[in-house]
Amino acid sequence: NAELALPVPNPFIPDELELKATANPAQLGEIHPEHILQAPHIDLWHQLDTSFNVPRASLYIAMHSPIANNSPRHSLLTSLLTGIINKQLNSYAYPARLAGLNYSISPTERGLTLSLSGYNQKQPVLLERIIAALKAPEITTKRFNILKARYQQKLSNAKKQQPFHQVLAELKRSLVERHWTNEQKLAALSTVTPEDLTNFSKQFLKQLHIT
């Protein structure tokens, strides 16, 4: 039956699993992350973990953009962009997890945060696919409408949460600059279109600072 076939080979399975060489004495003193590169649009930090010398790594990338949260509308678009990218990467999530790789992409007050962890050999393979999705998000009308409806339901249901959840959310709005209310976001959400998200994604990438 031509419709039945074995899955394609998992591109994330590592084959270099030997323990790392013991670090030199200078690296062993690296208790805190070390700032190893500073440039106009990027800051790079590194910390070596010598506990077990396993071939694993953790990568955290903070993508800060001045437009990510400068209005309720842009705050919404940042969240919707994150949802689109996560949906686009769904086909990689399961094979990556099977191969000992985990990743997450989430919106923040200043942009997006990407984290990768697991066996380090194939992390660049997964990172390249995530970057490709960031550079060319597949924003279809159907996918956009589904995400928009889910986000609208989430914002509406926030009023029905337990009182202590509502107090914590209000506390955050009081302490964090430009933390917009659910009502402000709901008002902005009604007029947002797929074209708005496409234009926003391009502008977001043009003004990034990477840490």
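Two rings of Phe, Tyr or Trp (its six-membered ring) are taken as a pair if their centres lie within 6.5 Å, and the pair is called stacked with planes under 30 degrees apart, edge-to-face over 60 and tilted for the rest. By this rule the structure holds 2 aromatic pairs. This is a predicted model, in which local features need pLDDT of at least 70 and side-chain atom pairs count only at pLDDT 80 or more, while totals for chains, interfaces and linings use all residues. Residues are numbered from 1 along each chain as its sequence is written, and side-chain values use heavy atoms, with hydrogens and water left out.

The secondary structure comprises 8 helices and 6 strands, where helices (H or I, at least four residues) and strands (E, at least two) are DSSP runs numbered from the N terminus. Read from the N terminus on, the order of elements is α-β-β-β-α-α-β-β-α-α-α-α-α-β. Along the principal axes, the C-alpha atoms fill a box of roughly 60 × 55 × 40 Å. Of the 211 residues, 34% count as buried; buried means under 20% relative accessible area, exposed over 50% and partly exposed in between, with a 1.4 Å probe and protein chains only. Among contacts (heavy atoms within 4.5 Å) with a separation of 6 or more, 75% are accounted for by residues 24 or more positions apart.

Back to the rings. The edge-to-face pair is formed by phenylalanine 12 and tyrosine 92, with 6.3 Å from centre to centre and 85 degrees between the planes. Because phenylalanine 12 lies in the segment before α1 (25-28) and tyrosine 92 in helix α3 (residues 90-98), this pair ties together parts that are 80 residues apart in sequence. Phenylalanine 12 is buried, at a relative accessible area of 1%, whereas tyrosine 92 is partly exposed at 25%. The rings of phenylalanine 200 and phenylalanine 204 have centres 6.0 Å apart and planes at 40 degrees, so this pair is tilted. Both residues belong to helix α8 (residues 194-206), where a spacing of 4 residues puts about one helical turn between them. Phenylalanine 200 and phenylalanine 204 are buried.

Another ring has a charge over its face: arginine 56 lies over tyrosine 119, at 4.9 Å from the ring centre. The criterion here is NZ of Lys or CZ of Arg within 6 Å of the ring centre and within 35 degrees of the ring normal.

How do two of the helices meet? Helix α2 (residues 72-88) packs against helix α7 (residues 182-189) at an angle of about 80 degrees, with 8 Å between the axes. The two are therefore roughly perpendicular, a label for angles of 65 to 115 degrees, with under 35 counted as roughly parallel, over 145 as roughly antiparallel and the rest as oblique. On the α2 side the contact is made by Pro72, Arg73, Ser75, Leu76 and Leu80, and on the α7 side by Gln184, Lys185, Ala188 and Leu189.

Tryptophan 180 sits in the loop between α6 (163-175) and α7 and is buried at 19% relative accessibility. Beyond residues up to four places away in sequence, tryptophan 180 touches Asn69, Asn70, Ser71, Pro72, Ser75, Arg173 and Lys185. Its C-alpha is 9.7 Å from that of leucine 76, although 104 residues separate tryptophan 180 and leucine 76 in sequence.

Conventions
Axes fitted to C-alpha atoms, helices over the stretch in contact; angles between N-to-C directions.
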